Amino acid sequence: NKEYVMNRYFFLKSGTLKKISGIKNIKKKKYLKKIDFNYKIGQKIPTIGSHKDRGGVFVVTAKNLKLAKRRVEEVYSKIKFVIRS
């Protein structure tokens, strides 16, 4: 069995995290194998200077590369961050 796996990150602007939307619906997708966020609501997000400063990570799987890329884009389009300076 051949399956494609894509690991991607959330790169956020600096400021205070006010809200993350879209989590509940995207977590229902069977192709989403992992989604983690590095900041909680109310936390300060620094300017990205290293890997630890990223906003989070997610992993998707698919039977072909084209579908895997579409799924990555779907996650990016569904998860929305509200950040205030």
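The model is a predicted one. Thr61 counts as buried because its relative accessibility is 8%, and the cut-off for burial is under 20%. Apart from neighbours within four places in sequence, the residues in contact with Thr61 are Glu3, Tyr4, Val5, Tyr31, Lys33 and Arg71.

The wider plan of the chain may now be set out. The protein chain contains two helices and six strands, and from the N terminus its elements follow the order β-β-α-β-β-β-α-β. Taken along the principal axes, its C-alpha atoms fill a box of roughly 45 × 25 × 15 Å. Of the 85 residues, 34% are buried. Among contacts between residues at least 6 apart in sequence, 73% join residues at least 24 apart.

Aromatic side chains provide examples of links across the sequence. A pair of aromatic rings is described by the distance of the centres and the angle of the planes. The whole structure holds seven aromatic pairs. In one of them, the ring centres of Phe10 and Phe81 are 5.2 Å apart and the planes meet at 65°, so this pair is edge-to-face. Phe10 is in strand β1 (residues 4-10) and Phe81 in strand β6 (residues 80-84), 71 residues apart, so that the pair links distant parts of the chain. Phe10 is buried, because its relative accessible area is 3%. Phe81 also pairs with Phe37: the centres of these rings are 5.9 Å apart and the planes stand at 70°, so this pair too is edge-to-face. Here the link runs from Phe37 in strand β3 (residues 32-37) to Phe81 in strand β6, 44 residues apart. Phe37 is partly exposed, with a relative accessible area of 24%. Ring pairs join Phe10, Phe37, Phe58, Tyr76 and Phe81 into a cluster. An aromatic ring also takes part in another arrangement, in which the charged end of Arg54 sits over the ring of Tyr9, 3.5 Å from the ring centre.

Helix α2 comes next. This helix has 14 residues (65-78), which at 1.5 Å a residue should span 20 Å; the end C-alpha atoms are 20 Å apart, in agreement with that value. The buried residues of α2 include Leu67, Ala68, Val72 and Val75. Seen down the helix axis, the buried residues of α2 fall within an arc of 145°, so they line one face. An α-helix has 3.6 residues a turn, so residues three or four places apart point the same way. The face turned away from the buried side of α2 carries the exposed residues Lys66, Arg70 and Glu73. The elements covering the buried residues of α2 include β1, α1 (23-26), β3 and β5. At the N-terminal end, α2 is capped by Asn64, a side-chain oxygen of which lies 3.2 Å from the backbone nitrogen of Lys66.

Ile83 counts as buried because its relative accessibility is 9%. Beyond neighbours within four places in sequence, Ile83 is in contact with Leu12, Lys13, Ser14, Gly15, Thr16, Leu17 and Ile45. The C-alpha atoms of Ile83 and Gln43 are separated by 9.9 Å, and these two residues are 40 apart along the chain.

Key. Residues numbered from 1 in each chain as written. Predicted model: local features only at pLDDT ≥ 70, side-chain atom pairs only at ≥ 80, totals over all residues. Heavy atoms only, no water. Buried < 20%, exposed > 50% of the residue type's maximum accessible area, 1.4 Å probe, protein only. Contact = heavy atoms within 4.5 Å. Phe/Tyr/Trp six-rings, centres within 6.5 Å; stacked < 30°, edge-to-face > 60°. Helix = DSSP H or I, 4+ residues; strand = E, 2+ residues; numbered from the N terminus. Lys NZ or Arg CZ within 6 Å of the ring centre and 35° of its normal. Expected span 1.5 Å × (residues − 1). Arc of directions from axis to C-beta. Polar contact = N/O pair within 3.5 Å; in protein donor to acceptor, adjacent residues only side chain to side chain.
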